[in-house]
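The following questions and answers accompany the structure shown below.

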Amino acid sequence: MLLVLPAVAGSALLLIPLAALLTRTPWSRLSDLLGRADVQQALWLSLRCAGAATALSLLLGVPLAWVLARTRLPGRRLLRGLVTVPLVLPPVVGGVALLLAFGRRGVLGPLLVEAGAVPAFTPWGVVLAESFVALPFLVLTVEGALAALSLASEEVAGTLGARPGRVFLTVTLPTIAPSVAAGAVLAGARALGEFGATITFAGSLPGRTQTVPLLVYALLQDDPPAAYALSAVLLAVSVLLVLSLRPRLR
Amino acid sequence: MRASITSALVRADLVAEPGQVVAVVGPNGAGKTSLLRALAGLLPSTGTVELAGRDVSALPLHARGIGWVPQSPSLFAHLSARDNAGYALRARGMSRRAARTAADEWLRRLGIGHLGDSRPGALSGGQVARVALARALAADPALVLLDEPLAALDAATKDEVRRLLRSTLAGGRAPVLVVTHDPVDVAALADSVLVLEDGAVVQHGSPAEVAARPRSAWVAGLLGQNAWRGIADETGLRTASMGSTGHVTGHIAAAETLPAGTPALALCEPAAVTLHRQRPSGSARTVLAGQVGELRSLGGRVRVTVRSDPQVTAEVTVGAATELGLADGGLVWAAIKATEVRLVAL
């Protein structure tokens with residue numbers, strides 16, 4: 001009993017807001033709303049940016065996880081600690097940090113200005129901000145899988161004549177594929193919902209950097225029902241992602 | 001193969017001919033697995049490893065041409081049995097199609113031709129062991145390393161896979177090193193026995209030599225068991241051996257028999273063999289007569305070789321040895337109860 005009451009209260013805390021959102025969603029306006037140009041723009045931008053951030057996380061995160069799990073590089077522990085920092089960092093602080101690194105007046109600003117590629121306040125800035133918060137999810141998931149993987153299969157593959165690169169592609173990667181997929185889904189979900197770092201580093205420029213969460217926030221001022229409906233759409237996407245993860249999280 | 005290697009955990013010099021099966025035995029922690037890993041290139045070592053006339057010690061593991069079956073078979077879980085067996089051929093650049101055909105041929109040879117499409121997760125222990133063996137042998141390795149290939153199997157499967165190993169490894173091109181803890185494996189598979197203790201080779205010789213003159217108490221315990229090869233008949237095992245008077249046949253009675261005509265081993269603990277100065281009476285047992293051979297003391301007991309046909313080793317108390325006057329030599333009768341004899345099909 002001592003444990004059941006807090007458990008019920010905890011469930012209520014999680015479920016009541018979601019239920020409230022669903023009851024207030026103007027379902028009849030949903031199709032009109034989804035047809036609006038600004039909404040479609042935001043949806044499309046969100047999908048592209050989150051997709052790109054997930055791809056970038058995979059491209060950089062899988063090798064990073066491998067280095068953390070399998071090498072004896074000096075500074076490896078420190079690196080692992082640093083990788084987890086964005087997980088707990090307030091996203092807005094991440095946005096400020098990104099601005100100070102890649103902004104026009106940031107540390108790398110002069111270089112980027114000269115190259116004509118300042119990412120701040122562009123769709124690339126959105127991708128960078130989303131990757132900054134999403135990458136740790138992928139790295140930690142994949143690193144865990146690599147650390148738990150016994151070396152024996154990889155060693156056998158080596159004795160059978162496979163070079164290290166081939167071993168990685170034909171044995172390691174297929175074996176940890178479920179974890180890579182789970183990590184990618186987690187990273188993608190985090191990227192799709194990213195707000196604080198994005199608005200700080202890339203702004204909320206309609207059609208350019210205004211992703212769905214930013215649009216929801218903007219709509220909350222002048223068209224609340226539209227914000228509710230769009231929120232319900234994001235909720236639906238989240239539920240779908242959870243369902244896709246379920247077989248792995250067991 | 002000619003190897004002379006030193007690694008942190010093991011130091012060994014050994015020579016093995018093509019097709020020769022070397023049983024690697026020794027107590028836990030003696031360095032058996034380390035020796036295999038060092039030969040495969042999985043453990044840093046210095047020295048030379050000459051396979052098929054070329055020194056591979058400077059080559060990385062993928063270039064050595066080794067067929068390795070580790071203690072846990074570690075099949076590739078995401079690949080079918082067929083693609084597991086064909087992995088080495090693919091890694092060496094064979095087309096997928098040709099590799100699959102060759103892999104199927106190996107699976108058929110090992111009696112699991114119908115399981116090519118199965119994933120490792122759906123296979124039994126014995127089937128997994130066979131796929132691991134097919135995977136190690138398919139690319140015609142220059143050295144085969146088997147690390148306790150039968151340890152994880154139940155008794156019936158063990159006998160079956162051992163038979164398969166015997167027929168598959170016989171007359172191969174590559175020397176075979178097989179780590180084992182089972183004297184039956186040594187008797188059934190090995191042409192020679194390499195005894196490791198504390199990371200060094202204590203003895204390397206034929207099983208008969210090592211059993212007769214063990215250089216350590218540990219190997220005396222392991223190989224002290226009587227083991228006769230022969231053909232099963234209705235009442236036990238018909239043996240054929242080179243005896244003191246040339247090629248002779250003998251018979252060992254066993255309580256539990258095998259189908260007549262099966263090639264088999266008869267095994268019996270020396271302590272279960274009784275010695276007599278007069279021919280003993282009684283029916284349900286084997287009685288062998290012969291001259292007293294070598295005597296060796298093992299703590300409070302004496303191990304006696306009787307030069308009968310076939311030869312038998314008995315272990316008796318010091319008191320019994322004195323009473324029988326074994327030190328004087330002469331003719332003795334060795335008796336073995338049929339219930340003390342275990343037959344293992346080969």
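Q: Among contacts in chain A between residues at least 6 apart in sequence, what percentage join residues at least 24 apart?
A: The model is predicted. In chain A, the contacts considered are those between residues at least 6 apart in sequence. Of these, the share that joins residues at least 24 apart is 77%.

Q: How many helices does chain A have?
A: From the N terminus on, the elements of chain A run α-α-α-α-α-α-α-α-α-α-α-α. Chain A has zero strands, and its number of helices is 12.

Q: What percentage of the residues in chain A are buried?
A: The C-alpha atoms of chain A fill a box of roughly 65 × 65 × 35 Å along the principal axes. Chain A holds 250 residues, and the buried ones make up 38%.

Q: Is Gly94(A) buried or exposed?
A: Gly94(A) lies in helix α5 (residues 91-102) of chain A. Leaving aside residues up to four places away in sequence, Gly94(A) touches Pro86(A), Leu89(A), Phe132(A), Val133(A) and Ala197(A). A residue is buried if 20 or more other C-beta atoms lie within 10 Å of its own. Gly94(A) has 21 such atoms within 10 Å, so the answer is buried.

Q: How far apart in space are Arg70(A) and Ala147(A), C-alpha to C-alpha?
A: Arg70(A) belongs to helix α3 of chain A. Because Arg70(A) has 17 C-beta neighbours inside 10 Å, it counts as partly exposed. Arg70(A) and Ala147(A) are 77 residues apart in sequence, while their C-alpha separation in space is 7.5 Å.

Q: How far apart in space are Gly94(A) and Ser31(A), C-alpha to C-alpha?
A: In sequence, Gly94(A) and Ser31(A) are 63 residues apart. In space, their C-alpha to C-alpha distance is 35 Å.

Q: What is the orientation of α3(A) relative to α9(A)?
A: Two packed helices are described by the angle between their axes and the distance between the axes. The axes of α3 (residues 37-70) and α9 (residues 164-193) of chain A come within 9 Å and cross at roughly 140°. Angles over 145 degrees would count as roughly antiparallel, and 65 to 115 as roughly perpendicular. The angle therefore makes α3(A), relative to α9(A), oblique.

Q: How many residues of the contact of α3(A) with α9(A) are nonpolar?
A: The crossing of these two helices, α3(A) and α9(A), is right-handed. Their contact includes Ala50(A), Ala53(A) and Leu58(A) of α3(A), and Val180(A), Ala184(A) and Leu192(A) of α9(A). The residues of this contact comprise no charged, four polar and, as the nonpolar count, nine.

Q: What is the handedness of the crossing in which α4(A) passes α7(A)?
A: Helix α4 (residues 76-88) and helix α7 (residues 123-148) of chain A pack at about 125°, with their axes 8 Å apart. The two helices, α4(A) and α7(A), are therefore oblique to each other. The crossing in which α4(A) passes α7(A) is left-handed.

Q: Which element gives the largest share of the side of chain B that touches chain A?
A: The contact takes 16 residues from chain A and 18 residues from chain B. On the side of chain B, the elements that give two or more residues are β6 (66-69) and α3 (87-91) of chain B. The largest share, three residues, comes from α3(B).

Q: What ipTM does the model score?
A: The mean pLDDT of chain B is 88, and 97% of its residues reach 70 or more. The model scores pTM 0.77, and its ipTM is 0.78.

Notes: Residues numbered from 1 in each chain as written. Chains lettered and ligands numbered in written order. Predicted model: local features only at pLDDT ≥ 70, side-chain atom pairs only at ≥ 80, totals over all residues. Contact = placed C-beta atoms within 7 Å. Helix = DSSP H or I, 4+ residues; strand = E, 2+ residues; numbered from the N terminus. Axes fitted to C-alpha atoms, helices over the stretch in contact; angles between N-to-C directions. Parallel < 35°, antiparallel > 145°, perpendicular 65-115°, else oblique. Left-handed = near helix turned anticlockwise from the far one by under 90°. Nonpolar A, V, L, I, M, F, W, Y, C, P; charged D, E, K, R; others polar. Buried ≥ 20, exposed ≤ 12 C-beta atoms within 10 Å, placed from the backbone. pLDDT = per-residue confidence, 0-100.
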